[in-house]
Amino acid sequence: MNTQIDSTIIDRKHGSNVLPETEINKATETIKPSKGSFSRRSFLGKSLAAGAVTMGAGLLANTLLAKEGNEKEKGHLKKGDAAILRFLAAAEIIEADLWQQYNELAGIQDSEVPGGTGSPAYTAAVLVLDSDMDQYIHDNTDDEITHAAFINAFLVSKGADPVNLDQFRTLPSSQATGAQQIGRLTNLMQLTVDTSWWTRYRSDNKNPDLGDTFPQAIPGLSAGQFPAIPRNDGDLAPANHLQAIANTAGFHFGFIEQGGTSLYPSLAQRVDDVEVLRVLLSIGPTEAMHFQTWHDKAGNAPALTDPTNGLVFPDLNSPPFGGEEFQTNLIMPEPTVFLNRTFPIVSIVRPTETEGAAMGAVKALTADGLFIGQPPAFFTLLNQLAEEADAAK
């Protein structure tokens, strides 16, 4: 059984086949990348020809190109739409990679999300935030795997290049019992977590789209580098150290999913084809569902100080915190200003500014520490994908 997430697994539940090389070559001829020192087409083509991509050929032929016997082929994508979908595919592959690491140690390992055997001590610490956290982690992981697989399959069905990042699965795994020892795309052991999303969603008079800034809910998390999973079995004690790791994960869950919640509506404003718009409008709300769940659970993180590094998780309901800006049970988006301060306040996702949305996501994930250890070629590819998505009109 292949326990590593392949970035283009198409149909886990109904079987999968390797797309023949002749079909791969045919699928990568339509959309031309921009010229530059780094050739995305060369990278993608070599990865595909090497057999790195697993495709459900029957699914592509019978589901995406035809419906109930109708053999009429769909039209090809415009350059901008393809660029947006490729960037989103890359983002979902990255999300699937990080969520798989969480699931291996604190989620449910089964045929839907294979890999790992669990860390009972870490799982128990995560369950402090909610008794169903293992199920929620599993389901979030499963969702991101399917998002990446679907977007790549949709790209191929339109004659466009899919995205494959397997070349960059080189970062080390946690050495804690329960984690697979495979190469990773993301690092969860040196995170600098921006927790301003917490106060941003509680403000009734500020909006990041209007240039406003917001205080950190957990100031220490944004000022250092901290593990969100145990690095090895030595991190399983003392108890408050392990709980601090679980608390970090809880706030990191919210950080990751609020980004997806904003990214889809931001990029949806730039697409041209109505079917591509339908894809973005259908996947985006599931990211908001994830965010709502993690927003709620992060508020249950117990107040404590990590005895090994001094990281403080304060009681957000008590001074000097407290009030609506920090109150833990205010998990609905507080109505705030939108488009123009002269309009009445309204409950919204924020930010949804479309200018520079993709590059903003790359910068946020990079600042988070997710890509510590990745080579320059990784950032070159990711930045190129973001630039092309942001250039779509």
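Modeller: What follows describes the pocket and then the protein around it. This is a predicted model, in which local features need pLDDT of at least 70 and side-chain atom pairs count only at pLDDT 80 or more, while totals for chains, interfaces and linings use all residues. Residues are numbered from 1 along each chain as its sequence is written, and side-chain values use heavy atoms, with hydrogens and water left out.

The largest pocket holds about 810 Å³ of space. Here a pocket is an open set of points on a 1 Å grid over the protein atoms alone, where a 1.4 Å probe fits, with protein on both sides within 12 Å along at least five of seven lines; lining residues have an atom within 4 Å of a point. The volume is the space filled by probe spheres set on the points, which are joined across faces, edges and corners.

The lining has 36 residues, and Gly259, Pro351, Gly360, Ala361 and Ala364 are the closest to the pocket centre. Two or more lining residues come from each of α4 (79-106), α7 (196-200), α8 (239-268) and α10 (357-367). Of these, α8 gives the largest share, 9 residues. By class, 18 lining residues are nonpolar, 9 polar and 9 charged; Gly counts as polar, and Ala and Pro as nonpolar.

The protein as a whole has 11 helices and 2 strands, taken as DSSP runs (H or I, at least four residues, for helices; E, at least two, for strands). Buried residues (under 20% relative accessible area, 1.4 Å probe, protein chains only) make up 53% of its 393 residues.

Note on methods: Buried < 20%, exposed > 50% of the residue type's maximum accessible area, 1.4 Å probe, protein only.
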